[in-house]
Amino acid sequence: MSGTGSIAEVGTPSARSRALAVLRVRSRALAVGLLPAAVAVVLVSARTTGRLAGDPWPAVTLAVCAVAAFVLLVGGIFAAVVLRAGPAMTPTVPLSESAAPDLYQLVRDLADRMDVPAPSAIALTPDCDSWLEDRTHPAHRRARGRALISGGAAGAGGPECEPGAAPVLVIGSPFLWWMRVAELRAVLAPVVAGTGPSAHPDIADARGFVRGLDAAVDVGGRRFLGWIAAPARLLLRLCRVDAAEMERGVAAAASDRAQGVDYALRIVAQEQVGLAYAGWDRLLTRVALPAWRMGRWPAHLDAGVVSALTELSRRDRLADGFTSRLGERPACDLLDQPGAVDEAASLLAARLFHGGPAEAGPDWSPVDWAAYPEEVVDRKWRTEAARLLAALDALSAAPGPAASTVERVLTYLAADAATDADALAGRLSGDLAREAVPAASAAAAGSGADALPLFPLEAPRSGRDLLADHVVALVCCAAVDSAGGEPGLDWLDGPVLLVAGVRRADLAGPVLSLVEDRDPGPLRDWLAEVGVRPEKPVRLV
């Protein structure tokens with residue numbers, strides 16, 4: 001294919017010149033490492049031919065040979081680390097051709113249309129992005145072999161790990177469920193076009209060198225190898241500008257090559273990318289995160305994103321009309337078993353964004369959307385209500401637990417000084433932190449170092465915010481117990497309270513008046529309107 005031809009066919013002259021500049025940095029580093037050895041060879045040759053007889057040449061020759069041997073040893077170790085250190089590989093869900101023959105065919109048709117090599121494999125990421133990833137490094141093959149020996153699923157497939165293989169196409173899984181087939185093709189065109197420049201030897205070599213240096217910096221954090229990081233960072237600084245410009249040139253070449261593929265549709269498809277990102281972010285932070293925190297993971301996040309984006313389209317006038325596309329064929333139809341793929345991507349999302357285990361277990365079980373209100377929302381409210389009342393018990397001077405009522409909280413927050421309320425907020429913050437420690441330890445034991453979230457979703461919250469959340473949870477429990485309320489799910493806002501089948505979105509204001517202004521009036525009025533009896537004990541977990 002032309003993807004292996006000249007740079008005029010696969011990229012721009014600028015990209016190739018920048019790649020050569022990166023390779024020149026490597027050549028100069030090699031020359032510096034070999035210079036003492038070259039000087040030593042000259043001195044030894046001169047000594048053996050009698051041209052450097054007498055003092056001080058014997059001592060000088062010995063010293064230069066010793067320096068050359070040391071430099072060669074250090075340089076050899078450094079080169080071995082750069083060559084063997086495994087570049088970071090994004091955790092993904094492998095997608096074999098047998099699991100998605102139509103998707104593979106779509107990608108191959110795109111590659112043929114643009115006259116570039118087809119990606120060697122396809123994988124999914126639980127994020128709103130798509131890119132090409134080179135997995136031909138020997139470290140990736142070693143990692144796959146270890147995974148197969150241990151009986152686990154390899155992060156990389158087979159053919160894409162072979163030397164000279166084309167990059168892997170990584171696709172954001174939300175795109176498959178929200179986008180239509182034509183939109184997905186338009187979005188993937190410039191990404192697939194990047195396989196052409198990736199096949200050029202100079203560009204591939206330069207990328208491999210930069211990735212090796214980047215991996216060597218991480219290796220420098222290990223014991224006895226700390227010295228590796230300094231020269232690796234130096235070489236990265238020397239080639240950083242050229243490497244960045246090379247990637248810009250490659251991206252520009254790929255974009256130019258994809259101009260003739262569904263160009264008009266690509267504009268509309270890019271709008272869907274922005275919409276998908278907004279809905280996906282809300283779904284993760286408002287809906288998935290509460291479930292993850294209690295050891296449950298929604299098993300069909302990608303299907304949920306369709307509902308979330310449909311709701312967003314209904315509420316946002318700028319997105320109005322996007323739902324009319326839903327009558328067209330969705331891109332997830334290109335998968336043979338979309339439900340199984342969605343479940344795998346949902347489990348990976350929980351690991352990446354929350355730090356959950358890599359596999360389901362007794363304390364880490366999936367939950368369907370139909371069961372979410374009862375198994376997640378109600379349990380979340382009652383857990384938070386119990387935590388709030390336990391904190392009040394700990395701060396109370398009276399022995400033994402007091403009544404678990406909304407009235408108790410109303411009286412405490414309205415009557416006590418602000419410093420006492422701050423003590424309650426601080427107590428809640430401390431309790432939450434103590435509860436998080438064993439949960440994190442259990443997750444780490446279940447999935448190793450990957451238990452830590454790579455992309456945390458939420459920044460730490462203030463004590464006052466946590467206190468307001470817990471008061472809301474207690475009031476919602478009381479509404480369910482004594483006023484016919486029900487736990488519900490809003491696709492964009494997460495857990496909600498339903499009274500007579502209607503969402504009550506007006507609870508936050510009265511609670512904030514109580515927590516921030518010490519004014520219980522608005523909340524008492526709200527309770528009376530809904531029919532909640534504040535003096536009645538609340539059922540806890």
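A residue counts as buried when its relative accessible area is under 20%, as exposed when it is over 50%, and as partly exposed in between. Keep that scale at hand for these exercises on a predicted model.

**Exercise 1. Get an overview of the protein: how many helices and strands are there, and what share of the residues is buried?**

Step 1. Start with the secondary structure, which comes to 19 helices and nine strands.

Step 2. Turn to burial: of the 541 residues in the protein, 45% are buried.

Step 3. Look at the contacts between residues at least 6 apart in sequence: 78% of them join residues at least 24 apart.

**Exercise 2. Decide which residues of S2 lie on each side, and whether they are buried or exposed.**

Step 1. Sort the residues. Ala-121, Ala-123 and Thr-125 are on one side, with Ile-122 and Leu-124 on the other.

Step 2. Check each side for cover: these residues are all buried, so both faces of S2 are covered.

**Exercise 3. Describe the salt bridge between Asp-202 and Arg-16: which elements does it link, and is each residue buried or partly exposed?**

Step 1. The two side chains meet at 3.3 Å, N to O. This pair links distant parts of the chain, with Asp-202 in helix H9 (residues 201–219) and Arg-16 in helix H2 (residues 13–48), 186 residues apart.

Step 2. Apply the scale. Asp-202 has 17% relative accessibility, so Asp-202 counts as buried. Arg-16, at 32%, is partly exposed.

**Exercise 4. Now try Asp-493 and Arg-503: where do they lie, and which network includes them?**

Step 1. Their side chains form a salt bridge at 3.0 Å, N to O. Asp-493 sits in the loop between strands S7 (485–490) and S8 (494–499), and Arg-503 in strand S9 (residues 502–503), so the bridge ties together parts ten residues apart in sequence.

Step 2. Asp-493 is partly exposed at 23% relative accessibility, and Arg-503 is partly exposed at 33%.

Step 3. Widen the view: a network of salt bridges links Arg-282, Arg-286, Asp-490, Asp-493 and Arg-503.

Key. Residues are numbered from 1 along each chain as its sequence is written. This is a predicted model: local features need pLDDT of at least 70, side-chain atom pairs count only at pLDDT 80 or more; totals for chains, interfaces and linings use all residues. Side-chain values use heavy atoms; hydrogens and water are left out. Buried means under 20% relative accessible area, exposed over 50%, partly exposed in between (1.4 Å probe, protein chains only). Helices (H or I, at least four residues) and strands (E, at least two) are DSSP runs, numbered from the N terminus. Contact means heavy atoms within 4.5 Å. A salt bridge is a side-chain nitrogen of Lys or Arg within 4 Å of a carboxyl oxygen of Asp or Glu.
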